[in-house]
Amino acid sequence: MAGAMGIFVQIVKRDLRVASRQRSDLLNPLIFLLIVVSLFPLGVGPGPDILARIAPGVIWVSALLSAMLGLERMFRDDFRDGALEQMMLLPVSLEVSVLAKIAVHWVMTAVPILVIAPLLALLLNLPMSAWGVLWLTLLLGTPVISAAGAIGVALTVSLNKGGALLSLLLLPLLIPLLIFATAAVEAAVSGLSATGPLALMGAFLVITITLAPFAVKAGLRVSVN
Amino acid sequence: MWRWLHPYAKSEATFALNQKILPWFLIPGLLLTAVGLVWGLAYAPPDYQQGESYRIIFVHVPAAIWSMGFYVSMAIAGLIALVWQIRTAELAVLAIAPVGAALTFISLFTGAVWGQPMWGTWWVWDARLTSQLILLFLYLGVMALYVAFEDERAGGKAASILALVGVINIPIIHYSVYWWNTLHQQSTITKVITRFESPSIAPEMLWPLVVNIFAFMGLAAALVIMRLNNELLRREIHRPWAQKVLNSGDKENSNAV
């Protein structure tokens, strides 16, 4: 098992280094998220009540859409330069490498969202009592996006026109996440306990993290021939 | 399982089996559709509350039931394709997907037409409508992923994986949407199976509905079989057995070509 752990750490280090040298790739989805969120007050009117009412949904839908933008990067470059094939030839099972890729993707895309989440809540006039729960839903939900997203990327990485297709494949699968995340935040806004939806999101997290690597592996086997 | 499945990895064997079972689905399907639709649309009594417009149930419910059922069968075919690497099962996934999508669309369309007089609106974001809409998206995803691949073999495998991922998600989507919002009436028939309750529908209406449910299954299954056979012939057009089938042109084969 030491070998598997070592390779996991190696891939994490390597991917973090690669990602830190392509900063615009990381910044663009974040700027996209900020712009989409700031479009809503312009579209539906700046009334603080309306904004507070739609804030959980707007933040979550925008987070999902911006995640779709950056997902492709997870395997695309490795597929093009052949690193993916090397990963499949490693003496440890491919699931380890896949988990490392998912972890790095989460750190590079979700952690910035977690950092600016209070800013988004502030922009949309979300009551401060719900900020903690919003942050928790993002903390529990973004790894699900990364892990389920990896399945979609693995299936489409060999296609040139993967982008729009990726959203078509993934967004329907992520609907339960959106439902429970917004339910949790809305419960917190109205002063109710949000533990129920949060517990379900935790369950999604466990299921996707444990099962997704197997589907990713099968998908990569199809894409890398 | 393997011993039973193994012969049908050969396209020829699958084609022959399909030709054998096709009439058993097609003929009862056509007969039951004729009986069920005439019975339901003309002879079943009108509803005491909804009048004549409830009759759309005889199309709506069978389509909705089998839209789910065919997704599960598609996922089973996908599992067989991935676990035992059987190519004909991949083709079955692709044969089922458009038929299932059509059933889903029919259930959504008839639901909208029914909702207009009953609820006063074409569409509401109700749980069962929404989960049906998501099911349509899942079907479209499988079809879109397949056509995106240039290599048909890779496309079939990718579509099988997606069908499997989707089938794990279907119960989650169904119940999450269910908790989210509910306006649609509770199921009146499937609760016999899922909750062991007696159906809350008059027997004069229930029987034509049951006939239609089986009719839709027969017809849709026959369509799947015909699609699968056409695909088998198209893929193997240069093989001797396919040439033989195509050139013979006898009555048994002509309905599939």
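Predicted model: local features only at pLDDT ≥ 70, side-chain atom pairs only at ≥ 80, totals over all residues.
Residues are numbered from 1 along each chain as its sequence is written, and chains are lettered from A and ligands numbered from 1 in the order in which they are written.

Helix 10 of chain A covers residues 195–223, where helices are DSSP runs of H or I with at least four residues, numbered from the N terminus. Its 29 residues should span 42 Å at 1.5 Å a residue, and the end C-alpha atoms are 40 Å apart, which agrees; the expected span is 1.5 Å times one less than the number of residues. This helix bends by about 35° at Ala212(A), with a proline, Pro213(A), following within four residues; the bend is the angle between axes fitted to the seven residues ending there and the seven starting there.

Pro213(A) is also touched by Leu99(A), a residue of helix 6 of chain A, contact meaning C-beta atoms, placed from the backbone, within 7 Å. Leu99(A) is buried because 21 other C-beta atoms lie within 10 Å, the cut-offs being 20 or more for buried, 12 or fewer for exposed, and partly exposed in between.

Asn125(A), in the loop between helix 6 (94–123) and helix 7 (131–156) of chain A, has a positive phi near 60°, and is partly exposed because it has 18 C-beta neighbours inside 10 Å. Most residues other than glycine have a negative phi.

Note on methods. Helix = DSSP H or I, 4+ residues; strand = E, 2+ residues; numbered from the N terminus. Contact = placed C-beta atoms within 7 Å. Lists of a residue's contacts leave out its neighbours within four places in sequence.
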